[in-house]
Each structure stands twice: as C-alpha cells, then as structure tokens.
Amino acid sequence: TETGMTGYTWNISAGGTITAGAGTSTITVTWNTSGAQTVSVNYTNGNGCTAATATVYNVIINLLIVPTITGPATSCVGTTDVTYFTESGMTGYTWSISAGGTITAGAGTNTIIVSWNTVGTQTVSVNYNGSSNPTVLNVTVNPLPVPTITGPNAVCINTAGNVYTTQTSMSGYIWSVSAGGTITAGTGTNLITVTWSTTGAKTVSVNYTNSNGCTAVAPTAYSVTVNPLPVPIITGPGSICT
C-alpha cells in the first residue's frame, strides 16, 4: 500500500500467513488454502487521520496442479517405442528420464516416446507450468529371456519321436525346424516331437514370451546331426560245393 504512513495494520484471511513486513507498507504472504481469500490494510496518514474501515483486497488462491503420468510401469530392455503422456493443454512441459533410457520423440509436449536401454529400476518424470514439483513414475526394465533347448543332437534318419524341450510356463512358443524335419506334436507348447527325414546338419529353434512380457530378440537355435542308416554288407563265398 502507500508508503510514508504510520500504524500500518494488515490482516489476511485464515488461508494465509504474513511471513514478513507486518507494520510496514509491504507484506509477504504465504497462502496455504485454496479458494477466496482476503488481504486488508489500514493506516494513519500524515494528517493523523485513519480510514473508518480497512481496505479489503480479494485474492483467489488456486490449487497447485499435480501432473499425472500414464504409461507402462514395466518394460523390456531394448524396447524402443514406449509411450508416456501427461495432461494436455499445458505449457512448459519438462520431461526427464533416468540414465537407462532415451527420449526419442515428444520432448516439450505432453507425450514422449522412450527407448529403454538398461535393465533395472528407472524413472520418468514430468513437470509443467502451474505445478509445484515434478511427478515421478518408477519403471522396472526387465531383461530379455534366453531360451534353451534340450534334446538329441545326433539322430538317425526317419527315426520318429525325437523330443526337444525349452523352459516351461512361458507363452507364445514358436518352434521351427530346418528342411528335412517335421514337427509331429507339441506346436505352441514347451515340448515338440520331431521326425527327421533327410540326413545332414539340421537346426531346431524356439522363441517365447516370458512372464514379464519380454521376448528374445532372436530365437535360440540348436544344432542336430541326422545320420544315415547303415547298409549292412555280407562277404563270403557266393557258391559252394556240396
């Protein structure tokens, strides 16, 4: 209010606190409650006169905005298109992520695309104008699975019932065998049965999705040698005398 007066008397409504300047022409206030608040002042002027009533100044205290983050709290290492977004229509969007990830698109907007490069606990945070502190989302970045295959690696041609297995309790099992082999049972499970119909070097491969929703970048391949059947020969006299 005006300077050079005496007897400054300030009052504020219950939602605030005068933190400095009481008794002077300028006060500092901290507002603790949202809604309609008031600041009032009276003083005595140079003629020794005081207003009949204090002057009241109306103040609207708005709630600070708390940003939200929507997006997956778990991901797989190497995933390059993970989307996180916050409220639209704001200004001054500031995103940051921990060292295990990279923002590949959307910085300065309400939606970002992230590539996660490192396994472990990571974070995504956002702030924008009108909020007091950034909101932080914890993200767990899981490793990719490494499928294994067990089964006979040396077999005889046309021998049925060759069983190959990988880890149990996964989903989306995808098996393949090289030319000369036929999967006769178990497609889509952790265990297949194969018949080999040609000789030579062959492969069995598998991939799957684990319980964290992660899939190996490439299938695991298992080498198999298919051997020919023997052809017994007999030597000895072809004719004899009786």
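What percentage of the 242 residues of the chain count as buried? The share that counts as buried is 30% of the 242 residues, where buried means under 20% relative accessible area, exposed means over 50%, and partly exposed lies in between (1.4 Å probe, protein chains only). The structure is a predicted model, in which local features need pLDDT of at least 70 and side-chain atom pairs count only at pLDDT 80 or more, while totals for chains, interfaces and linings use all residues. Residues are numbered from 1 along each chain as its sequence is written, and side-chain values use heavy atoms, with hydrogens and water left out.

Taken along the principal axes, the box filled by the C-alpha atoms of the chain is roughly 160 × 25 × 25 Å. The radius of gyration of the chain is 38 Å, whereas a compact globule of 242 residues would have a value near 18 Å; this radius is taken over C-alpha atoms, and the globule rule is 2.2 Å times the number of residues to the power 0.38. The chain holds 19 strands and zero helices. Both kinds of element are DSSP runs numbered from the N terminus, helices being H or I of at least four residues and strands being E of at least two.

G200 stands opposite V226 in strand 19.

The loop between strand 18 and strand 19 also deserves a look. N210 is found in this loop and counts as buried at 13% relative accessibility. Leaving aside residues up to four places away in sequence, N210 touches P143, P145 and M170.

Turning to the cysteines, a search of the whole structure finds one disulfide, a term applied to a pair of cysteine sulfur atoms within 2.5 Å. The disulfide joins C76 to C214, with an S to S distance of 2.1 Å. Distant parts of the chain are linked by this pair: C76 is in strand 6 (residues 74-76) and C214 in the loop between strand 18 (200-209) and strand 19 (220-227), 138 residues apart. The torsion about the S-S bond of C76 and C214 is about -95°, so the disulfide is left-handed. C76 is buried at a relative accessible area of 10%, and C214 is buried at 0%. By contrast, C49 is partly exposed, with a relative accessible area of 44%, and C156 is partly exposed at 37%.

Aromatic rings were examined next. The search of the whole structure finds five aromatic pairs; rings of Phe, Tyr and Trp (its six-membered ring) pair if their centres lie within 6.5 Å, and planes under 30 degrees apart count as stacked, over 60 as edge-to-face and the rest as tilted. One of these is the edge-to-face pair of Y84 and W116, at 6.4 Å centre to centre and 85° between the planes. Y84 lies in strand 7 (residues 82-85) and W116 in strand 10 (residues 111-116), so this pair ties together parts that are 32 residues apart in sequence. Y84 and W116 are both buried. Y173 and Y208 also form an edge-to-face pair, at 5.7 Å centre to centre and 70° between the planes. Because Y173 lies in strand 15 and Y208 in strand 18, the pair ties together parts that are 35 residues apart in sequence. Y173 and Y208 are buried.

Finally, the backbone holds some positive phi values. N158, in the loop between strand 13 and strand 14 (162-165), has a phi near 65°, a positive value in a residue other than glycine. For S169, phi is near 65°. S169 lies in the loop between strand 14 and strand 15 and is exposed, with a relative accessible area of 70%.

Definitions and conventions:
Contact = heavy atoms within 4.5 Å. Pairing = 2+ DSSP bridges.
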